[in-house]
Amino acid sequence: MSRIEQFQYDNRIVRAFGMASFLWGLVGMLVGLIIAFQLIYPPLNFSQYGVPFLTFGRLRPLHTNAVIFAFVGNGLFTGIYYSLQRLLKARMFSSTLSWVHFWGWQFIILCAALTLPFGITNSSEYAELAWPIDILIALIWVVFGINMFGTIVKRREDHLYVAIWFYIATWVTVAVLHIVRSFELPYSFLGSYSVFSGVQDALVQWWYGHNAVAFFLTTPYLGMMYYFLPKAANRPVYSYKLSIIHFWALIFIYIWAGPHHLLYSSMPDWVQSLGTVFSVMLIAPSWGGMLNGLLTLRGAWDRVRQDPVLKFLVVAVTAYGMATFEGPMLSIKSVNAISHFTDWTIAHVHVGALGWNGFLTFGMLYWLWPRLYRTNLYSTNLANIHFWVGTLGIIFYAVPMYWAGWTQYFMWREFTPEGTLAWGNFLDTVKQIVPMYMIRGVGGLMYFTGAVIGVYNLFKTAAQGSFLANEDAEAPAREHLVAPKVAGEYWHKWIEGRPFQMLLFSTILIAIGGIVQIIPMVFIESQVPKISTVKPYTPLELTGRDLYIREGCIGCHSQMIRPFRAETERYGEYSKSGEYIYDRPFLWSSKRTGPDLFRVGKKYPDSWHYNHMMDPTTMSPGSLMPAYPQLLTNPLDLSLLPSKIVALRTLGTPYPRNFEKEAIEKAKEQALAISKNLNDQGIKDPGLENKEIVALIAYLQRLGTDIKVQPTATSK
Amino acid sequence: MKTKKYLLIFLWLVSQASLWAQAATTPAAPDPQVNQLPQIMTWVFLIAGSLLFIVAMAYMIKVNQFLYKRALQLEARLNGVELPADGSAVVADPAGDGFWTRMRKKYWEDAVPIDREADILSHHDFDGIRELDNRLPPWWVNMFILTIIYALGYMFYYHWGGNGLSQTQEYEQEVAIAKKNIAAALAGKANAVDESSVLALTDSGPLGEGELIFKNNCVACHGAKGEGGVGPNLTDEYWLHGGGIKNVFKTIKYGVPEKGMISWSAQLKPSDMQKVASYILTLKGTNPPNPKAPQGEIWKEEATAKPDSTAKEALPSTTK
């Protein structure tokens with residue numbers, strides 16, 4: 001028998017991450033509430049008073065980033081820092097690294113909160129942040145990795161428990177995803193263009209975006225479930241075999257499923273099909289986690305009625321099961337044709353976010369806080385109220401959004417027998433769902449109220465207890481550097497004793513799917529048939545495009561006309577992959593709260609856009625779009641154009657040599673022409689050629705017009 | 001028997017793949033009308049086939065049960081043991097599980113009961129957490145296998161040799177079917193009006209509908225009373241693209257994209273365009289406040305003799 005060692009667990013870092021999680025969680029949910037009500041009552045955008053940083057387009061990425069990276073991010077660090085130490089029988093490798101990690105992460109969140117509302121974004125969903133912040137994220141993630149692997153190395157357990165397999169896969173995959181998605185060429189201190197363009201950028205984006213859900217919102221939380229659920233239920237995990245199979249199957253299959261975000265787009269059919277079939281194959285591995293969670297509760301269901309922690313965990317795991325069944329269904333083409341671009345998607349992600357991540361976080365915190373503060377939970381009643389208000393909130397959120405999604409689908413595609421769109425005016429389809437948006441707002445408000453009650457309960461719990469900063473523990477020292485083989489033990493034990501092999505195998509498995517999909521798309525030219533008439537943007541259009549990105553137009557407007565008659569009748573010829581080759585980043589979007597804009601070019605006169613930006617309701621009565629009067633008065637800044645042109649040419653856009661020297665001149669010429677045009681159409685404001693609006697008009701009027709010139713696609 | 005079952009499931013899945021992917025359209029065929037029947041037949045076939053399959057399975061299970069009983073009786077007799085004639089003693093297997101229990105354990109769920117779980121409990125614990133070594137839930141394994149078969153069938157159907165349509169082909173088919181249906185719907189109807197046959201309506205009913213269409217679609221550019229805004233004044237005698245019902249109808253139908261007037265043919269039925277065009281003609285001389293300055297040329301009804309040619313002449317002269 002080996003020597004018993006005394007040591008202490010670090011609870012301070014756990015408490016810090018826990019507090020950060022619920023405090024940022026409240027902020028993220030509040031921003032979500034604000035943007036939900038903006039869709040009911042557009043004046044809440046405040047942009048009509050010339051305040052630019054509170055519009056839906058700018059706040060929406062703040063909401064998603066705050067909830068994903070601040071609320072859930074800090075939540076998963078809470079769970080990992082607590083369970084990792086105990087599962088390995090070791091204190092964290094380095095307190096310094098722990099605190100660098102903590103403050104670094106909070107600083108990143110602060111940077112996000114200080115850049116996104118100011119329009120500093122690159123429009124890639126969940127990867128909007130400017131390149132210096134991207135670098136910071138990578139550095140902090142490495143710090144986290146060193147700290148985690150350091151702890152694993154100095155562990156007092158021979159083998160790694162299943163939770164830690166998930167933590168390892170999380171770490172390596174998020175690192176790979178983040179780094180590849182951040183391949184971008186800076187043109188200024190905060191601005192950059194994606195290395196990938198058009199269809200390729202779309203593929204990389206959804207390989208990233210989908211797997212951010214998989215490896216940031218799912219795998220670490222599964223690991224946490226494997227720790228906190230058996231602890232709270234005081235029951236053994238149902239099946240060790242199931243853990244093994246569903247873990248490896250999950251991480252291998254998940255990575256392939258990204259293209260299901262791009263069904264019926266200009267993505268080649270083979271990529272789309274891979275996305276579909278791997279998503280369908282993902283049901284069982286995902287449900288493996290749910291089963292192992294729910295079946296662990298066998299014999300403990302009576303306690304679920306009494307223990308709020310278990311209630312939260314059960315609803316979380318159930319929501320996970322529902323979302324991971326719905327996801328594969330949404331990946332089937334004909335179902336996706338219904339859901340894509342509609343509020344069904346919003347319902348789907350919120351079942352996952354509010355149910356799975358939100359409730360698991362709260363369940364965990366309710367379990368942790370009394371232990372960290374050596375006391376009982378302040379109020380079980382309040383926790384129960386939180387549970388019911390939150391659960392009802394999820395239902396009130398999701399059901400109207402499903403309803404809205406189907407309504408949109410049916411209205412968008414309904415034809416009269418004579419072959420015209422029954423709801424030709426897109427606004428009719430928007431006004432129809434506003435009542436659903438109201439109910440959704442109520443649901444969100446309920447969930448938020450629950451969270452406030454929860455935070456109050458946790459603070460009261462902390463106040464009545466005394467914090468245990470360093471928790472005494474003891475365990476036998478590890479005798480062997482490498483776990484010895486025991487006769488008759490399960491084959492999988494081998495790798496459980498070898499964390500670095502586990503890291504290696506995980507890396508190989510998660511790399512395969514991405515490589516098979518991305519490498520051919522990026523390096524085989526025939527995957528994206530060239531169209532001879534498609535030309536790079538003019539300098540002014542490029543400037544306008546960057547304004548479109550700055551304002552977050554992507555939050556409501558797609559630029560992808562799918563090959564459905566209902567879309568080609570409404571918007572024009574369906575989109576071809578060759579039309580996007582100069583798009584860095586791509587701006588297909590995934591939501592149509594407003595109409596598609598891919599072929600809006602030349603559809604309306606310049607003055608229409610001018611008036612529409614000043615106040616959308618003048619041109620489209622009942623529109624939910626914020627007003628953008630500041631675009632009409634903001635001076636047009638062309639100073640970055642030369643470096644933008646150079647950056648784009650470096651990445652492969654065929655601007656001629658020395659074009660950067662005449663770019664500003666060219667932009668001014670075009671601006672003058674547009675302002676003259678506006679003048680002819682009755683807009684008499686002076687100095688329009690020096691305002692941002694002309695650049696945005698230039699871009700919008702260019703959109704989708706290249707193939708009208710000569711609609712022959714030539715494969716090269 | 002097992003192989004046969006999987007084969008049947010596989011075939012069913014492959015047929016499903018085509019149904020799911022083309023729910024809105026019909027399979028490739030020159031005439032969509034004729035093709036309605038096979039679509040229904042596919043479903044009839046599927047449902048009937050599934051029922052038949054269930055019946056066949058139930059029958060085979062019965063036969064199997066009977067043979068099993070007979071075999072046990074034979075074996076018992078050979079060993080000199082007498083069994084009750086009804087065979088009740090042998091239906092239950094030695095472990096005491098009945099048929100449905102065995103089926104459940106094999107294909108559905110096979111957890112070790114809680115009171116016996118000490119047998120499969122891990123010896124080691126992680127911070128107090130122990131693990132059971134329960135068998136994988138059989139239904140879960142079966143579901144996993146089925147999804148893999150589905151994936152292979154899907155890839156085969158769409159890429160490796162099946163008849164799956166590409167999304168572009170699906171689209172072309174959808175448009176072809178729509179064209180046919182529209183032609184059928186328009187045949188002999190008032191909706192069939194076009195710019196050569198359209199006449200101005202004067203009844204208050206259709207004009208009221210026209211006014212509503214105008215309010216919903218046109219006021220953004222032409223003003224609430226037709227006084228003009230982004231678009232030209234519709235209440236004066238001047239017209240950019242020709243006045244009179246036929247020219248106004250034509251402008252609405254095809255639009256003047258280079259000047260910002262969109263084509264409304266996708267959004268308004270021909271009869272609706274007729275109504276709104278008729279309503280617009282009634283606006284002449286209403287003198288609303290804040291009128292936009294006249295644009296184009298004075299249109300006189302005498303010129304209606306050749307509306308089309310006039311319209312063509314009017315077009316180039318408008319770009320001033």
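Mentor: Start with a term. Domain bounds here come from an automatic or database domain assignment. By that assignment, chain A splits into domain 1 (7-475 + 504-517) and domain 2 (539-709). Keep in mind that this is a predicted model.

Now look at how the two domains sit. Taken over C-alpha atoms, the centres of domain 1 of chain A and domain 2 of chain A lie 33 Å apart. Domain 1 of chain A brings 63 residues to the contact, and domain 2 of chain A brings 55 residues. Between them, the two domains bury about 4,800 Å². Carbon and sulfur atoms carry 64% of that area. Three residues stand out on the side of domain 1 of chain A: A:Tyr193, A:Phe341 and A:Phe426. They supply 17% of the area that this domain buries against domain 2 of chain A, more than any other three residues.

Two salt bridges are counted between domain 1 of chain A and domain 2 of chain A. A salt bridge also joins the side chains of A:Glu551 and A:Arg58, at 2.7 Å from N to O. On the side of domain 1 of chain A, helix H6 (residues 198-233) gives the largest share, six residues. By class, that side has 31 nonpolar, 25 polar and seven charged residues.

Now zoom in on one residue, A:Ser558. Find it in the loop between helix H19 (539-550) and helix H20 (565-571) of chain A. Is A:Ser558 buried or exposed? Its relative accessible area is 0%, so A:Ser558 is buried, the cut-off being under 20%. What does its side chain meet? A polar contact of 2.7 Å joins the side chains of A:Ser558 and A:Arg592. Set aside its neighbours within four places in sequence, and A:Ser558 still has other contacts, among them A:Phe341, A:Trp588, A:Arg592 and A:Phe598.

Chain A gives 72 residues to the contact between the chains, and chain B gives 63 residues. The area buried between chain A and chain B is about 5,700 Å², with 62% from carbon and sulfur atoms. In chain A, A:Tyr238, A:Glu418 and A:Arg565 lose the most area to chain B, together 12% of what that side buries.

Six salt bridges are counted between chain A and chain B. One salt bridge pairs B:Glu117 with A:Arg298, with the closest N and O atoms 3.6 Å apart. The chain interface also has 20 residue pairs in polar contact. Helix H8 (residues 269-281) of chain A gives the largest share of the side that touches chain B, nine residues. That side divides into 38 nonpolar, 19 polar and 15 charged residues.

Finish with chain B itself. It has eleven helices and two strands. Along the sequence, they follow the pattern α-α-α-α-α-α-α-α-β-α-α-β-α. Of the 320 residues of chain B, 38% count as buried.

Note on methods:
Residues numbered from 1 in each chain as written. Chains lettered and ligands numbered in written order. Predicted model: local features only at pLDDT ≥ 70, side-chain atom pairs only at ≥ 80, totals over all residues. Heavy atoms only, no water. Contact = heavy atoms within 4.5 Å. Buried area = accessible area lost by both parts, 1.4 Å probe. Salt bridge = Lys/Arg side-chain N within 4 Å of Asp/Glu carboxyl O. Polar contact = N/O pair within 3.5 Å; in protein donor to acceptor, adjacent residues only side chain to side chain. Helix = DSSP H or I, 4+ residues; strand = E, 2+ residues; numbered from the N terminus. Nonpolar A, V, L, I, M, F, W, Y, C, P; charged D, E, K, R; others polar. Buried < 20%, exposed > 50% of the residue type's maximum accessible area, 1.4 Å probe, protein only.
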